[in-house]
Amino acid sequence: MNKIIPFFLLIFTLSSPQKNSKQFIARQGQISFFSYTSVENIEANNNQVLSIFDTETNEIAVNMLMRAFVFKKDLMYEHFNESYIESDLYPKATFEGKILDFEKNNNQLQTKIIRGKLTIHGISKQIDIKTNIEKSKDSYSMTGEFIVAVSDFQIKIPPILASNIAKTISVKFRFQFQPYEE
């Protein structure tokens, strides 16, 4: 009888929900990109980016719809989705990675590398992203910037426009993670 009570206590403890969440979610992350061109700079913002971050495994996943980017001009939006990204064929971009040497209990600003797989236009590429991570009470914020080479993702640029389109795109991100509750 005395051996049965600790067994049931162990089972109860393992099956009950934990108060300290290990998974965090950013439902409205922000990603923007900027491309310098000789004719006109191109920039867009997407505030409908979903990301999940697990502080036990240090893994992070990001998912965004390409059509959610907002441009200053409707024609830029149209060209981006129809001619370059081909959003009907490749509606979303994703990133799956792991934060290297992350310290979940560190309340100081941490600058870390996220190593993972970025998928755009149906093409996946391994990349390293430098990110700043801040913890406050029960939330985390992540910000950073990285460069994407257009050719790495087989985005076709018509020869007549090649001199007017940048070969690389600067991408910035900001995520505010809150505890994930089912």
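**Reading contacts, burial and a pocket**

Mentor: Start with one side chain: that of His121 reaches the backbone oxygen of Tyr84 at 3.4 Å. The model is predicted, so local features need pLDDT of at least 70 and side-chain atom pairs pLDDT 80 or more, while totals for chains, interfaces and linings use all residues. Numbering runs from 1 along each chain as its sequence is written, and side-chain values use heavy atoms, without hydrogens or water.

Trainee: Which side chain does His121 join in a polar contact?

Mentor: A polar contact is an N or O pair within 3.5 Å; within protein, one atom must be able to donate a hydrogen and the other to accept it, and sequence-adjacent residues count only through side-chain atoms on both sides. The side chains of His121 and Glu86 form one at 2.6 Å.

Trainee: Where does His121 lie, and is His121 buried or exposed?

Mentor: Helices (H or I, at least four residues) and strands (E, at least two) are DSSP runs numbered from the N terminus. His121 is in the loop between strand E6 (110-120) and strand E7 (123-136). Relative accessible area under 20% is buried, over 50% exposed, and in between partly exposed (1.4 Å probe, protein chains only). With 6% relative accessibility, His121 is classed as buried. For contact, read heavy atoms within 4.5 Å. Not counting residues up to four places away in sequence, His121 touches Tyr84, Ile85, Glu86, Tyr90, Phe153, Gln154 and Ile155.

Trainee: Gln154 is on that list. What is its phi?

Mentor: Gln154 has a phi near 50°, which is positive although the residue is not glycine. Gln154 sits in the loop between E8 and E9 and is exposed, at 52% relative accessible area. Asn58 is another non-glycine residue with positive phi, near 65°. Asn58 belongs to the loop between E2 and E3 and is buried, at 14%.

Trainee: Which residues of helix H2 are buried?

Mentor: In H2 (residues 74-84) they are Met76, Phe80, Asn81 and Tyr84. Viewed down the axis of H2, the buried residues fall within an arc of 125°, so they line one face of the helix. The arc is taken from the directions that run from the helix axis to the C-beta atoms. Asp74, Leu75 and Glu82, on the other side of H2, are exposed. The cover over the buried residues of H2 includes strand E1 (23-35), strand E2 (42-54) and strand E4 (70-71).

Trainee: How many salt bridges does a search of the whole structure find?

Mentor: Side chains of opposite charge can pair when their charged atoms come close. The criterion is a side-chain nitrogen of Lys or Arg within 4 Å of a carboxyl oxygen of Asp or Glu. The search finds 7. One of them joins the side chains of Glu56 and Lys104 at 2.3 Å, N to O. Glu56 is in the loop between E2 and strand E3 (59-65), and Lys104 in the loop between strand E5 (92-99) and E6, so this pair ties together parts 48 residues apart in sequence. Glu56 is partly exposed at 42%, and Lys104 is partly exposed at 26%.

Trainee: What is the N to O distance between Asp88 and Arg67?

Mentor: Their side chains meet in a salt bridge at 2.9 Å. This pair links distant parts of the chain, 21 residues apart: Asp88 is in the loop between H2 and E5, Arg67 in the loop between E3 and E4. Asp88 is exposed at 67%, whereas Arg67 is partly exposed at 36%.

Trainee: What is the volume of the largest pocket?

Mentor: On a 1 Å grid over the protein atoms alone, a pocket is an open set of points where a 1.4 Å probe fits, with protein on both sides within 12 Å along at least five of seven lines; lining residues have an atom within 4 Å of a point. Points are joined across faces, edges and corners, and volume is the space filled by probe spheres set on them. The largest pocket has about 900 Å³. Its lining has 39 residues, with Phe33, Ser35, Ile42, Phe80 and Ile169 nearest the centre. Two or more lining residues come from each of E1, E3, H2, E5, E6, E8 and E9. H2 gives the largest share, 5 residues.
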